[in-house]
Structure formats: structure tokens, C-alpha cells
Amino acid sequence: MLPLVLDQVTFAVNGKTIIDRVSIEIGAGPRTIILGSNGAGKSVLMRLCHGLLEPTSGSIVWRGAGNGRQRQAMVFQRPVMLRRSALANVVYGLRLAGISPRERELRAGDVLEAVGLASVAGRPARTLSGGEQQKLAMARAWARGPEVLFLDEPTANLDPGATREVETIIGQIRASGTKIVMTTHNLGQAKRLGDEILFLSGGRLVERTPVDQFFTKPASAEADAFIRGELLWT
Amino acid sequence: MREITQALGAAGTMIFSFDPKLSEIVLLSLRVSLTAVAIASIIGLPLGAAIAVNRFMGRRALIVVLNALMGLPPVVVGLVVYLLLSRAGPLGDLGILFTPAAMVVAQTILILPIVAALSRQVIEDAWQEYREQLRSLGAGPLTSAITLLWDTRFPLVTIVLAGFGRAAAEVGAVIIVGGNIDGVTRVMTTAIALETSKGDLPLALGLGVILLSLVLALNAAAYWVKEAAQRRYG
């Protein structure tokens with residue numbers, strides 16, 4: 001279904017423009033990191049791409065073949081766990097993706113194994129720790145075998161240990177052939193996980209740069225200021 | 001004071017000797033109110049869920065009306081159902097006035113708004129949390145509603161029990177549409193009203209004790225269910 005093409009996408013709420021005429025083509029391959037300060041519109045842009053929000057104007061089109069919601073997945077900053085077991089949470093996602101009942105259990109078991117949650121598969125999901133819940137959210141998304149995975153600050157609420165585990169899982173998902181699109185606040189994480197940076201400021205897409213170039217020689221003054229400002233704190 | 005202790009003693013004897021007259025009244029009460037709460041739940045829970053997850057014209061007005069109907073005066077419901085079911089009324093041909101069926105109808109109308117309005121509130125709160133995740137997984141309104149009903153099952157149990165408490169404790173509606181006919185439509189509350197006015201305090205008190213115990217047991221059960229669920233499922 002990739003590439004995803006945004007043409008002059010604008011999103012406004014009550015007259016306040018949050019995303020301002022963004023045009024971009026996101027293709028398979030490089031891991032895309034969306035950076036920007038708070039309120040720059042990172043999460044909103046991602047929700048527009050994922051189809052959770054409708055643009056006020058402009059168009060968002062999946063150019064490739066095989067369109068459909070089950071071909072894309074999203075993991076949120078705060079995982080939403082259903083009141084059922086960890087395994088049942090993954091199975092639920094697979095059911096909505098139209099996977100046959102027999103295969104659901106098999107796949108769910110495999111993916112829990114892969115993210116290191118096999119031992120808690122039977123536990124109620126809401127009793128798991130924050131890190132485990134986020135890993136489970138990753139597993140639930142990954143099990144569907146998405147072509148694109150959107151990650152909205154997936155480690156923002158996690159401690160360093162859980163962050164490392166989630167980053168490892170992102171690597172596994174990427175290795176299985178899924179395109180990664182992710183927002184983060186953490187510049188180190190952007191460097192570790194990203195291939196290219198989309199930098200947003202005030203709802204506008206200011207620049208799109210390969211990751212190493214972004215941190216050494218950003219093309220825009222806004223990005224330069226952002227990196228300097230952030231580095232003071234990291 | 002001596003009268004009360006005497007009456008309480010007599011009431012105790014009636015309860016523990018399973019007095020047939022008393023048992024008959026208690027069982028009819030349970031049958032009528034349990035049937036009413038079952039019907040009200042079958043209609044009210046899905047209705048609450050549907051209002052919670054859908055956006056449509058007149059939704060706010062509907063919510064306000066439902067909330068207001070929670071305070072329906074039982075005598076008014078009794079009067080309206082009486083008019084509908086009486087010989088000359090539009091549903092007079094059913095011939096169910098002064099039968100337990102009429103009492104079930106009246107109590108169902110009385111508690112349906114309670115079940116629907118309170119479940120709407122609970123499910124909508126959960127919907128705020130779940131909405132993006134469910135949409136991301138591809139759940140439509142129907143799937144979302146079913147998922148939310150299941151995930152809020154513990155608070156919903158409390159709501160259903162509240163509905164039962166209201167039904168079992170009301171006297172105004174059942175006395176009008178049931179007629180308090182001995183052995184046919186006499187339930188705990190109508191019997192208490194009658195026996196008190198006749199001066200048969202032991203029977204009235206016995207019924208009062210049973211009614212109170214029932215309400216107490218229900219509340220204990222509701223509390224216990226919620227606590228246990230919270231511990232187990234988070």
C-alpha cells in the first residue's frame with residue numbers, strides 16, 4: 001500500500017491550524033522519525049496518516065496496492081489494554097484483522113514469545129507493568145503483520161530498561177519487513193532508530209533530512225535551534 | 001415499644017419457619033423484579049452502549065431525557081401502564097392488567113432508563129480511553145460497542161443490581177397495575193403497605209426485614225464483585 005502521499009494536508013480545530021499544508025511522500029524502506037517540539041503537530045500528523053483524523057483540506061492517499069486498515073498498525077504513547085488476558089489482547093487484534101480462529105492463537109503465541117511475554121500470556125493485561133503493557137501493545141500491532149507501523153512516542157512513559165526492550169522490538173519488527181514511522185522526544189533514540197528525520201515546527205514540515213546529516217548539519221534554522229535546545233537537556 | 005419487639009419476634013418466627021404465605025409473596029416479588037431487570041438489561045445495556053459510541057442528531061437531548069427518566073415517579077409509571085393496559089386502553093386486548101405480567105411491564109419501564117443512562121455514562125467514559133485504539137485496530141461501531149460492554153462488565157453488574165434494587169423496593173407502580181390481589185399480584189412492598197394499614201404488624205415487619213436483607217445482600221454482592229474484579233483484572 002506504500003507509498004503514502006500527503007498533498008497540501010491541513011488540519012485545523014476550531015479555526016486553529018495544527019497541521020499546515022504538509023506535502024510529503026513516505027515510501028517503504030527507511031525508518032522515518034518525526035521530530036519537533038511539543039505542539040509542533042507530530043502526533044496529529046501521525047493520526048492523519050493512520051486515518052484516525054480526517055484532514056480539513058488536502059489529500060492523503062495510499063498509492064500502492066493492497067490498501068486496508070489491517071495493513072497498518074499504530075502503537076500509542078499510553079497503551080490501551082482490554083480487560084482480558086495478554087494473549088486475548090493479541091487475539092482480539094488478529095480477529096479484527098480477519099485472521100482465522102485457528103491461526104489467531106498460533107500467531108498470538110508466537111508473537112508473545114518473540115517480545116518476551118510468553119510467561120505472562122495468561123495474565124490479565126491490565127495487571128502487567130507499564131513496560132510489559134507497551135511490549136504487549138507492540139506485539140498486538142506486530143501480530144497483524146502490518147506493512148506500516150506508526151509509533152507515537154512509544155517509550156515516553158517507560159524507564160530506561162523497558163525503553164531498551166521496546167527499541168529492540170522495534171528493530172525486530174523492522175527486520176520482519178515493516179516500515180517504521182515514529183515520533184519521539186528522545187534525540188538519542190532518533191539517532192539509534194531513525195534513517196530519516198521529518199522535522200515539524202508550528203504544524204509545518206520544515207525539513208526532511210537523513211538522520212546523520214540532521215544532527216550535524218540541519219538544513220533549517222528551526223531544526224538547528226531545536227537540536228541545540230534539546231541537547232542542553234540530554 | 002413492646003408492640004415492636006413482639007412484632008419482630010413474630011416476624012422472626014415467620015421467616016425461619018418459611019411461612020407459606022410469606023414465601024409466596026417473597027417469591028413473587030423476586031420473580032417480577034428479576035424478570036423486569038432482565039428485560040431492562042437486555043434492552044438497556046445495548047442501548048447505553050449504542051448511544052455511547054455513536055454520534056447522531058438529537059443525541060444530547062436523548063441523554064438528557066434518559067437521565068431525567070431515572071427519576072420517574074413509580075406511581076406515574078403505574079398510572080400510564082394502567083391506562084395502556086386497561087380494557088379501554090390501546091393494549092387492553094392483551095388482558096394482562098392485574099397480573100404479574102403487568103407488574104413486570106411497569107417495573108421494566110421504571111428501571112430501563114436507569115440501566116440505559118448509567119451504562120451509557122460508564123461505557124462512554126471507557127470509550128474515551130479506547131476510541132483511538134479500537135479504531136486503529138479496525139473496529140466499527142458495533143464491534144466497539146460489544147467490546148466496551150464486555151470491558152465494563154463489572155461496573156455494569158453494579159448498575160444492573162441498582163436497577164433490581166429500585167424495582168424490588170418500589171410500591172407505587174405495582175400496586176396500581178397489579179392491584180395487590182392476594183395470592184396473585186401481592187408482592188413484598190404492597191403487602192407491607194396493606195398489612196400495616198390493617199394492623200398486622202408481624203407480617204409487615206417480617207416482609208420489611210426480608211426486603212432490607214435483600215437490599216443489603218445485593219449491595220454487598222455488588223461491592224464484592226467490583227473489588228474482586230478490580231484485583232483480578234486491574
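Me: Is the crossing of α2(A) and α3(A) left-handed or right-handed?
Reply: This is a predicted model. The two helices are α2 (residues 86–96) and α3 (residues 101–114) of chain A, and their axes come within 9 Å. Their crossing is right-handed.

Me: How many charged residues does the contact of α2(A) with α3(A) have?
Reply: On the α2(A) side, the contact residues include A:L87, A:V90 and A:R95. On the α3(A) side, A:R104, A:E105 and A:R107 are among them. By class, the contact has eight nonpolar residues, no polar ones, and the charged residues number four.

Me: Why is one side of β2 and of β4 of chain A left without a neighbour in the sheet?
Reply: The sheet is open, with three strands in the order β2-β1-β4 (chain A) and antiparallel pairing. β2 (16–26) and β4 (57–62) of chain A each have a single partner strand, because both stand at the edges.

Me: Which residue in β4(A) does A:L4 stand opposite?
Reply: Strand β1 (residues 4–13) of chain A runs antiparallel to β4(A), and five bridges join them. Opposite A:L4 stands A:W62.

Me: What angle does the direction of helix α1 of chain A make with that of β2(A)?
Reply: Helix α1 (residues 42–50) packs on the sheet. It touches β1, β2 and β4 of chain A. With β2(A), its direction makes about 55 degrees.

How values were computed
Residues are numbered from 1 along each chain as its sequence is written. Chains are lettered from A and ligands numbered from 1 in the order in which they are written. This is a predicted model: local features need pLDDT of at least 70, side-chain atom pairs count only at pLDDT 80 or more; totals for chains, interfaces and linings use all residues. Two strands pair if DSSP finds at least two bridges between them. Helices (H or I, at least four residues) and strands (E, at least two) are DSSP runs, numbered from the N terminus. Two residues are in contact if their C-beta atoms, placed from the backbone, lie within 7 Å. Axes are lines fitted to C-alpha atoms, for helices over the stretch in contact, and angles run from 0 to 180 degrees between N-to-C directions. A crossing is left-handed if the near helix is turned anticlockwise from the far one by less than a right angle, and right-handed if clockwise. Ala, Val, Leu, Ile, Met, Phe, Trp, Tyr, Cys and Pro count as nonpolar, Asp, Glu, Lys and Arg as charged, and the others, Gly among them, as polar.
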